[in-house]
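Hello,

Here is the structure I promised to pass on. Please open it and keep it beside you as you read.

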Amino acid sequence: MTVSERAAGALWGLFAGDALAMPVHWYYGGPDQIRDDFGGKLLSGFQRSVHPYPDSIMQLSNTGGGGRGSDEGDVVGGIILHDKKEYWRRGGQFHYHHTLDAGENTLEASLVQVLLRSFKDTGRFSADDFRQRYIDFMTTPGSHNDTYASTCHRMFFQKWRAGINPKECPDNDGHNVDTIDGLVLPSVAALLAFVQGHGVSAATASALEALAVTRSSQVLPEFVRAVVHMLDQVLHGLPLDKAAAKTAMEAYGSDLAESVRKRGKTDPVVACYIGGSFPALLHFAYKYADFDAWDALLASANAGGENVHRNEVLGVLLGAAQGRKGLKTKEEGLKHFQELDELIDTTLGQASLRRSSDL
Ligand SMILES: *[C@@H]1O[C@H](CO)[C@@H](O)[C@H](O)[C@H]1NC(C)=O
């Protein structure tokens, strides 16, 4: 497989993994809770979320900025997520992705599309161009159908509406920003740099710039570096389980094979915070490396917890290892399949063109 074919797999893995886990995002009751809500079975393809969903933390979340808080503020509803504020009301019991159809992508994956379009039009990753498109996308009614936006986006637009220079809008509440969703855009920026023929240091530089567009973090850069490093190894043919085991050894001095074996049949149920969600990412990457990417992403979805943003990053790694085959995005009805097909094709074509003209 060429790097470009692997990169196509990575992007399809991201969009597939995201939409598969979407209906069971933040199911902290794990597989049992999923069976309870989905007719006694685990997910086996794209589905919608259920309603009501009494465990929803969205009904406790701050609509005026990040974290938990009151539903008085109108960053949600007024600036972003335009007609979605009613789903955040106290006692509403709406799932985080109540307004998405089966097979439809969440906000963070939609932002990946924004990044791809920016790259396609400018021929490189440009933080300035992406930032402007991010703002346009988030503040334009109807640009996406998702109900929920993570803390970093709510904090960014709280500042943006106050007239702060967009470069100064990335923020951090010391809690909900140093999270696994922070690895998603950087992984894609790095992937595109690799397709252009750049090495690890240029890919890492792009990834860190992508990270800093939407959030301010002292904690995430080392995790971004680790993901970029793994991605480089996998794109060059190192099996994913080996890459994950090496990362676990380097980052934690721990034997991943042993810790996966010790868990037996169970998988971790983790929250978004990077301290727990990154080891869980490595667990899934190692344990399911030899499964078809589709089945691996379903296993990670069916574990519950913060599975959506994990699946976006896991999808990148699995797709980079296996390519596009086996990802049943078309057959199973990924909602915007046609549009994504064209976008992925033209963006990677553009990146590869760069590669050959540079050489
Ligand atoms: C939102 O959902 C509607 C109804 O399914 C669909 O027609 C539209 O394309 C979606 N919008 C976006 C931006 O995905």
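Which residue caps the N-terminal end of helix α11? D255 does, and a side-chain oxygen of D255 lies 3.2 Å from the backbone nitrogen of A257. Helix α11 covers residues 256–263. Helices here are DSSP runs of H or I with at least four residues, strands are runs of E with at least two, and both are numbered from the N terminus. After α11 comes G264, with a positive phi near 65 degrees.

Some ground rules. This is a predicted model, where local features need pLDDT of at least 70, side-chain atom pairs count only at pLDDT 80 or more, and totals for chains, interfaces and linings use all residues. Residues are numbered from 1 along each chain as its sequence is written, and side-chain values use heavy atoms, leaving out hydrogens and water.

Now the ligand. Around it sit D101, E104, G142, S143, H144, N145, K335 and H336 (a residue is near if one of its heavy atoms lies within 4 Å). This shell has no nonpolar, five polar and three charged residues (Asp, Glu, Lys and Arg count as charged; Gly is among the polar ones).

For K335 the distance is 2.8 Å. For H336 it is 2.9 Å, from an N or O atom. For D101 it is 3.3 Å. The ligand alone exposes 360 Å², and the protein buries 48% of that (Shrake-Rupley method, 1.4 Å probe).

Last, the start of the chain. An unreviewed UniProt entry lists residues 1–21 as "signal peptide"; such annotations may be inferred rather than shown by experiment. That stretch is 90% helix and 0% strand. Its end C-alpha atoms are 28 Å apart.

Best wishes

Notes:
A polar contact is a pair of N or O atoms within 3.5 Å; within protein, one must be able to donate a hydrogen and the other to accept it, and residues adjacent in sequence count only if both atoms are side-chain atoms.
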